[in-house]
Amino acid sequence: MSSKRQLKRAAIISYLSIGINIVIGLLYTPWMVREIGQANYGLYTLASSFITLFMLDFGISGALSRYLSKYRAEQKQEEAEKILGATYLLYLIIDIIAFLILSIVFIFLEDIYAELSTNELALFKILFLIVAFYNIISFPATTQNGILISYEKLVLLKTCELVHKFLTIFFVIIALTLDLGVIWVVIANVGSGLITIIAKYVIIKRTIPLKPSFNRLSKQVFKSIFSISVWVTIISLAQRLIYNMAPSVLGIVAGSIAISIYAPASTLGGYFYVIASAINGLFLPYISRKIAENRINDIQQTMNQIGRYQFIILGWVVVTFIGIGKHFMILWMGKDFELSYYCGILIFLPALFEYAQQIGNTTILVQNQVKIQAIGFSIIGIIIIMLSFLLGKIGGAVGVCVSISLGGFANVMLQSYIFSTRLKLNMIDFFKKAFTPMLFPYIGTIIIGLMISHFIPTEWLSLIISIFIISLVYAFFCLKFVLSRNEIRELLKI
């Protein structure tokens, strides 16, 4: 299968998997809560979230993907095997440390969670052990995704992830239908995860000529990993810090009502990120190959093309939300959450531009220019948090979201600067070819959406019909003014 067709099929499967995730979040989770009880669901969430704190990846998987793709493009098999061996050792060390910490925490669970009843604590200990066991076992398997991406087994990787989603739903439905309780719901999740890990292991074993090497691992090998992983971790923390700090800022300057208004917009922003990140990492081997061949013009063309597709897909979410998002927010959360609509728009707008530049971000990783991006994002993050206190005091949740929006646009400007100066990518050409053609579909669809919103009643049936109409209008504009016939035919070849 050609590389282009692999990317296309992998992206389609990835979007399908994301769609299932969102449906699960909106429909399936409430049903599970009703079946096992709110208290038990709270214990399950507590166990998962608490243990996840100790299983941070620290950007190691990103560094592994970068070096495997680089060495594969340069045909350096020995270096690839050494970097894989070093990564396994690092994961093993983190695993051992996490195991020791979790063992100590388990001993003191009664003191840490003194507010839990005796029965709740007994159940929580069992859930804790199951989830901890799974995380300790699965953590080193994080390398599997990096290996599969680097060797362009993209369809197989995304198929495994999709099957994982279906297996989880299937096993959990059986557990709920048979009324087996929250313990078996957790075991169902763990079981589907372990099956997926085994499947990926078999695929790697049979299709990829790569084995970890532990011979003569020098300090330089570990230094290479940390030179990227540290900064990748800082970028990830800096990007999410603003969103995670917002509730605390609002709690200090505005109160609980403002936090509740911000929360739905933040949730939708999370879904938006998940949709945008569907193609994350898929182009890593391709870009590594082009860098090795010194073909920057090919990367520029790819960035323009993929950026335009991202503007189309993500733009559909944004213009639909701007058009009738107020009705959706009221129906979803209630009349008191109308301001959440404006918060959502403020979060979406900069994210649209930031997420459309995924190819540039991948190129930054390949070229190991992550340090300057990490420092820039961190400085912007600190400034925006300080601004959030001021604007949050004045405008509550909307004020904080204004600061988040300003921070997002600052990140976009920083990215564009790095892409232009460090990577020699033409950002004027990018925006001219990827974004400018979308102006008419955006403006036209928003106007029609707002007109529809003005006349329809606030009810689910009207909302669903309106979404369908707006989507058709948007698709028509894109097909008429953005995509050529040849491009449409090429997209349909999967």
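A residue counts as buried when its relative accessible area is under 20%, and as exposed when that value is over 50%. Keep in mind that this is a predicted model.

## Cysteines

With that cut-off in hand, Cys160 counts as buried because its relative accessibility is 10%. Cys343 is buried too, with a relative accessible area of 0%.

How many disulfides does the structure hold? The number is zero. For Cys343, the closest cysteine sulfur belongs to Cys401 and lies 3.6 Å away, which is too far for a bond, because a disulfide needs the two sulfur atoms within 2.5 Å.

## Helix α7 and its surroundings

Let's turn to α7, where seven of the eight residues are buried, so the helix is largely enclosed by the rest of the structure. Those buried residues are Thr143, Gln144, Gly146, Ile147, Leu148, Ile149 and Ser150. What do they pack against? Their partners are α3 (60-73), α4 (77-107), α8, α9 (182-207) and α12 (284-292).

After α7 comes Glu152, which has a positive phi near 55°.

## Where α7 meets α8

Two packed helices are described by the angle between their axes and the distance between the axes. Here, the axes of α7 (residues 143-150) and α8 (residues 154-177) cross at roughly 145° and come within 8 Å.

On the α7 side, the contact involves Asn145, Leu148 and Ile149, which meet Leu154, Leu157 and Glu161 of α8.

Note on methods. Residues are numbered from 1 along each chain as its sequence is written. This is a predicted model: local features need pLDDT of at least 70, side-chain atom pairs count only at pLDDT 80 or more; totals for chains, interfaces and linings use all residues. Side-chain values use heavy atoms; hydrogens and water are left out. Axes are lines fitted to C-alpha atoms, for helices over the stretch in contact, and angles run from 0 to 180 degrees between N-to-C directions. Helices (H or I, at least four residues) and strands (E, at least two) are DSSP runs, numbered from the N terminus. Contact means heavy atoms within 4.5 Å. Buried means under 20% relative accessible area, exposed over 50%, partly exposed in between (1.4 Å probe, protein chains only).
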